[in-house]
Amino acid sequence: MFRRRFLALSAGVLAAPARAADPARKIRTLYEKGGGFSDDARSLEGSRLTLQGFMAPPLKADARFFVLTSRPLAVCPFCETAAEWPDDIIAIYTKRVIDVVPFNVRIEARGVLDLTGFKDPETGFYSKMRLVDATYDE
Amino acid sequence: MLRTLKVSTLALAAATAAQAQDLPQAGSDWFTAGQAHIDALLARQPNTGRAKNVILLIADGNGVGTNYATRLFDGQQKGMLGEENVLPYETTDFHSALVKTYNINAQTPDSAPTAGSMNTGVKQRFNLINLGENAIHDDCGTVAGNELKLFSEMATEMGKSVGVVSTARLTHATPAAVYAKTANRNWEDSVPEGCTAQKDIAGQLIDAMAAGTIDFAVGGGLRHFLPEGTERAGTGGRRKDGVNLIDEATGNGAQFATDTASFNALNLDGSAPVLALFDGSHMKYEADRADDGEPSLADMTRAAIEYLSQNENGYYLEIEGGRVDHANHDGNLARAVRDGVAFAEAVAMADALTDDADTLLIVTADHEHAIAFNGYCGRGTDITGLCMGVSQTGIKHSNEALTAADGLPYTVAGYLNGAGSILRDDADWSGARPELTQAEATDIDYLQEALIPMTSETHSGEDVAVYAKGPWSQLFDGTIEQNVIFHVMNYAVNPK
C-alpha cells in the first residue's frame, strides 16, 4: 500500500469525501477561454462539488491549502526562471493540514466553490477561485 | 530555356519509362502518386536569384517525431486517416535536409544556442545567446569581446527591415536570438549586480528598436518590460530597476498593443515600429486561446509581412511557434500538436503572402524532445490516443486497443521522461499503469505515459528537419549542422 494512502486512511483526517451524485468535474469547465469564470462556475458558486486534478507542491509546510492543477505542474527550467502557475487552477482550502500527494498522482477534491478573490495571509498567494471546507483523495 | 527543355524531356522520359516497363503495379494509386512525385522533383528549377526577403520559421521543440505527430493530428482533424497528410512545408515545393542540433558543450541542446546558431552562423554554448565559444554561461565578465554579429544587424546594414514574432515571451531564447547577446538566457529583465557588459534581454530589445535594428516585435512577455509594482493590461511588472520599457519604446515612436483589438488597430504602413506584448508571460496555448484575447500565430505572421513588405529593400523575419516545446515539456501531446497545427497555418500564411522569386522561406525546429511512438498501430489510429490494432482486411485500424504484457492498453505516443510517469515518490518510485480508456487518453489535459519521473520532460539531441523554398533553398540537402542555416540565408541575400 502506498505510504500516503496508508497514512490518510489510518489517520482518518482526510478520509474520502462522501460521494455525491454529481460526477467529478474538470477544472477547465469552470473557466472560459481567456481566463474568465464560465457560466458553470457562476451557477455553481456556493455549491459543494468535486474536481479532478493534481496537487501542486504546497507553498509551505503544514499548509491548509494547496493548488489543484489540471495537469501535473511541470517545472521547466528552460521555460521559466521560476514556477509559473497555469491559468486554469483553483486553490483548495482544506479542513485539515494537508498530507502531500505526489504532483503526478491524480486526485479528486471536494468542497464549496467560492468565486471571491482571496489573498492567503501567510503565503501571499492570490486565488480568484477556491474550494473551501474541502477534502480530497486519490 | 535550354535547361527547361532538358528538364521537361527528363520528366517525360521518367513517366514513359514506367509505362514502358509494363509493371503489374503500374495501375496502383500508390504507383502513380510515386511517379507524380518524381515528375515534380524533375520539374524543379534551381532558384539562383537574390533573396530580398528571408523568413525563418521555427517551431520550438518540433523535431522529426513531434512533427510526425502534428502531421497525423492535422490530417485526422481534416477527416483523413492522418498518415497520408502533407503539411504545408512537406510538399515538393520545398527542399529539405536533416539538422544536427547539438551545442558546443551539450549533446542535448537548449533553445538559446540553437537559435543563436541560426542567427550567427556558429554553434554556441549551452544556455547563452550569441556569444562566442570563449564566453561562459552566467559569467557577465566573459561577454565583452565575445559578442557575435547577428543576421538582423547585417540585414539592417543592407537597408532591410527586421521583425520577430513568437508565441513565447519575446525575451525567451528563440526570439531573443534575433536581437540579444547574453551570458544567460534567463536574464530577461535584470542582470547580476555589477554586470555592465550587457543589458537584460528586454532592455536589449528596446535598444534594438530604438537603433532601428528591430522594426516589428510581437509576442508574449509584458511583465519583463514593466517596473515591479506597476500593472498594465492585467500584468504586474517584474523589473527591479524601475524602468518602464513600454514608455521608453512608445517615447521613441513605437506603436504598442496588448490584445487582439489593439493589435488589429496597429498602423502597418511601416512608418512607425511595432511592439505588441499580449501576455505577462508566454501567449496562450492554441488550445486555450480566444480570438478576441490574442491573435493566432498566422494572424501575427500576416501582420508582420504586411508591415515589413513596405520596405523596398526587403526584410528578415523570424517567426517562432514557441509553445510546441512547452506542451512537450508538460508531456501533453494534445496541446503540442494543436500548437503544431497553428505553426503550420502560419507557414501557409507566410508562403501565400510572399513570392518564391524573391523570398527565402525556411521552416525548421531548434531541437527535438524525448518523445517516442509505440507500435504496431493500425492506419488512422488517433495519434493522441490508444494504439489500435491493424486490420487484416481493409485499411483502417481494428478499433480494438492493443494491450501490453501487463494486459493494459497503451497510447501511440509516449515520452521517455517527464511528469507523465506512473512512478510515485511515495511508493519508492514504483507504480502501475492504469486501465486507460480512449476518452481519457484523448482528453486535452492527458499526459502521455513517461518512463523516467521528472517534473518537466526534456529535450533530446535527435535531429530536426529543415524545409525551404525560394532563392538558394536548394542548398539545403543531406544532413547539416544547424549553423549552416545562417550560411544559406547569408548567401541567399548576397549570392556570389
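The C-alpha centres of domain 1 and domain 2 of chain B lie 32 Å apart. Domain 1 of chain B covers 53–370 + 459–493, and domain 2 covers 371–457; these bounds come from an automatic or database domain assignment. This is a predicted model, in which local features need pLDDT of at least 70, side-chain atom pairs count only at pLDDT 80 or more, and totals for chains, interfaces and linings use all residues. Residues are numbered from 1 along each chain as its sequence is written, while chains are lettered from A and ligands numbered from 1 in the order in which they are written.

Now the contact between the domains of chain B. The contact takes 20 residues from domain 1 of chain B and 24 residues from domain 2 of chain B. Two residues are in contact if their C-beta atoms, placed from the backbone, lie within 7 Å. On the side of domain 1 of chain B that touches domain 2, helix H3 (64–77), H11 and H12 each supply at least two residues. Helices (H or I, at least four residues) and strands (E, at least two) are DSSP runs, numbered from the N terminus. H3(B) gives the largest share of this side, 6 residues. By class, the side divides into 9 nonpolar, 9 polar and 2 charged residues. Here Ala, Val, Leu, Ile, Met, Phe, Trp, Tyr, Cys and Pro count as nonpolar, Asp, Glu, Lys and Arg as charged, and the others, Gly among them, as polar.

The axes of H3(B) and H12(B) come within 9 Å and cross at roughly 80°. Axes are lines fitted to C-alpha atoms, for helices over the stretch in contact, and angles run from 0 to 180 degrees between N-to-C directions. That makes H3(B) roughly perpendicular to H12(B). Angles of 65 to 115 degrees count as roughly perpendicular, under 35 as roughly parallel, over 145 as roughly antiparallel and the rest as oblique. Among the H3(B) residues that meet H12(B) are Thr66(B) and Phe73(B). This contact has 7 nonpolar, 3 polar and 1 charged residues.

H11 (residues 323–330) and H12 (residues 333–352) of chain B have axes that come within 8 Å and cross at roughly 170°. H11(B) and H12(B) are therefore roughly antiparallel to each other. Arg323(B), Val324(B), Ala327(B) and Asn328(B) are the H11(B) residues that meet H12(B).

Next comes the sheet of chain B. It is open and mixed, with 10 strands in the order S7-S8-S4-S3-S9-S1-S10-S16-S2-S17. Two strands pair if DSSP finds at least two bridges between them. Strand S7 (255–257) and strand S17 (479–481) of chain B are the edges, each pairing on one side only. The twist averages 15° from one strand to the next. Strands S1 (residues 53–59) and S9 (residues 315–321) of chain B run parallel, joined by 6 bridges. Ile58(B) stands opposite Glu320(B) in S9(B).

Helix H7 (residues 201–211) of chain B is largely enclosed by the rest of the structure, because 8 of its 11 residues are buried. A residue is buried if 20 or more other C-beta atoms lie within 10 Å of its own, exposed if 12 or fewer, and partly exposed in between, with C-beta atoms placed from the backbone. The buried residues of H7(B) pack against helix H6 (173–179), strand S4 (216–220), helix H8 (245–251) and strand S8 (274–277) of chain B. Gly212(B) follows H7(B), with a positive phi near 85°.

Chain A has 2 helices and 8 strands. Of its 138 residues, 33% count as buried.
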